[in-house]
Amino acid sequence: MFRNVAELVELAISQNKKISEIMIEQEVTVTGRTREEVLAFMDRNLAVMEQAVEKGIKGVTSHSGLTGGDAVLMQKYIEKGNFLSGETILDAVSKAVATNEVNAAMGTICATPTAGSAGVVPGTLFAVQKKLNPTREQMISFLFTAGAFGFVVANNASISGAAGGCQAEVGSAAGMAAAAIVELAGGTPVQCAEAMAITLKNMLGLVCDPVAGLVEVPCVKRNAMGAANAMVAADMALAGITSRIPCDEVIDAMYKIGQTMPTALKETAQGGLAATPTGRELEAKIFGIPLKEK
Amino acid sequence: MKYRSVFDIIGPVMIGPSSSHTAGAARIGRVARSLFGREPKWANISLYGSFAKTYKGHGTDVALVGGLLDFDTDDVRIINAIDIAKDKGMKLRFIEEDAVTDHPNTARVIIGDHNGELELVGISIGGGKIEIIELNGFELKLSGNHPAILVVHNDRFGAIASVANTLAKYELNIGHMEVARKEIGKMALMTIEVDQNIDDKILIELEQLPNILKVTKIVD
């Protein structure tokens, strides 16, 4: 069983396999399920992700009314064609937002690695799908590659906003997505790890400060930027750019930052954007309670 | 390692909005229900840390009750779980605790009916994964990911061996096992995680062994 990114990459290189294949084989060994069962289970999760994006692209609104409809706005903007950045990246943003808007509306999603960060991995996958035309099997592999890196983060640091802040959720999700994009685009296992490191470095310190304690503001837009970050980092890694700090050390830094982060900024709705005048006003309005000291 | 499967990371499929505060909460409730063995008539649920601060926004209360009603994380009935429970006559009480716990997402669930009570403490560690850290006053560590047998027994020689022998007779493989007790020589709890679901007749056989007081199971 691989314990860190260095071991994961070493396994892939020494056995001349992809990261996704190492993850699939480990899953078979650990769970005692057959390879077919493991692949079928991931195929089901992929189907849930597809349905969530489809639903979100058509437009949903959360019960609080705080989020919804932004995925639609972005798709319309892309259709007009006069965007500034790039179609793939904006498509990823739109589909990440779509997933999280569905999540906020208490729809069905697949946590990747969490529900609050569930948009990044599918958002990037369905955006690069248009460009790279992967087979269904390759799309399933994408999720195993993402899962392999998330597995390392979950066991060596945290994927919980309450324990490590948003860097542990959207940060981890973005790193996982970047690594998976690199593999799907034909990059090496080393480049996957570089993409993960570059992404996570740019998410370090990100706090979890949901307005009214709802997984909506700023979570939905953090997924948008997580997806954008992952796309750019994947391109950087594929261009041959490397991280001066090794991936495992970046993960460790994220963990330590999370430990020292104040509780007010770890999913308690006591600090950050949740504690802004507008954040407090929205909270009072949603729950129908008077503003009080928290 | 806390996380063993890739599906702890890419998964679970669930009703939003939070894997820790919604899906994890549902799983804590469902383990309590499974151990209680029937639908409780009432529930007193204490929430700590981030759970206490944000449970309304995340639907943590709704999800915990959904779990008590035996709903899985992807069951859309979770959304209306509190109404469904109330229609069934279940009395619910939520308590926001100020005490600081080791883990920020902690819930103490006390459920019961006229035949008995059960008290359990669960933590939601991220991505929908949970651990049960206390059951009826016993400290333990239970992931709820595998079928498990919980055996309340007298702290006497041979009690553990007799249970292990019975499991061996039925060719049940033990994946993880823990023993906890409150005081030497008094009541103790064996927590045994196994690879496959356990037949009820084995539980009855275990219960008849000397010094074994109560046997319950968690199904996969």
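This is a predicted model: local features need pLDDT of at least 70, side-chain atom pairs count only at pLDDT 80 or more; totals for chains, interfaces and linings use all residues.
Trainee: Two strands pair if DSSP finds at least two bridges between them. Which strand of chain B does β2 (residues 42-48) pair with in the parallel sense?

Mentor: With β3(B), over 6 bridges. In that pairing B:L47 stands opposite B:E96 of β3(B). The element names come from DSSP runs numbered from the N terminus (helices H or I, at least four residues; strands E, at least two).

Trainee: What sheet do β2 and β3 of chain B sit in?

Mentor: An open sheet of 6 strands, ordered β3-β2-β4-β5-β6-β7 in chain B, with mixed pairing.

Trainee: And which strands are at the edges?

Mentor: β3 (91-96) and β7 of chain B. Each has a single partner strand, so one side of each lacks a neighbour in the sheet.

Trainee: Take β6(B), residues 129-135. How many of its residues are buried?

Mentor: 5 of the 7, so β6(B) is largely enclosed by the rest of the structure. Buried means under 20% relative accessible area, exposed over 50%, and partly exposed in between (1.4 Å probe, protein chains only).

Trainee: How many bridges does β6(B) make with β5(B)?

Mentor: There are 6, and β5(B), residues 116-126, runs antiparallel to β6(B). B:V121 has B:E134 in β6(B) as its bridge partner.

Trainee: What about the turn in that hairpin?

Mentor: The hairpin of β5(B) and β6(B) has 2 residues between the strands, and B:G127 has a positive phi near 70 degrees.

Trainee: How many bridges join β6(B) to β7(B)?

Mentor: 3, again antiparallel, with β7(B) covering residues 138-142. B:I132 is bridged to B:L142 in β7(B). These two strands also form a hairpin with 2 residues between them, where B:N136 in the turn takes a positive phi of about 45 degrees.

Trainee: Now chain A. How many residues of α5(A) are buried?

Mentor: 16 of its 18, which leaves the helix mostly covered. α5(A) runs over residues 87-104 and reaches 25 Å from its first C-alpha to its last. After the helix comes A:M106, with a positive phi near 55 degrees.

Trainee: Last one: is A:V170 buried or exposed?

Mentor: Buried, with a relative accessible area of 2%. A:V170 sits in helix α9 (residues 166-184) of chain A.

Trainee: How far apart are A:V170 and A:V121?

Mentor: Their C-alpha atoms are 9.7 Å apart in space, while the two residues are 49 residues apart in sequence.

Notes. Residues are numbered from 1 along each chain as its sequence is written. Chains are lettered from A and ligands numbered from 1 in the order in which they are written. Side-chain values use heavy atoms; hydrogens and water are left out. The expected span of a helix is 1.5 Å times one less than its number of residues.
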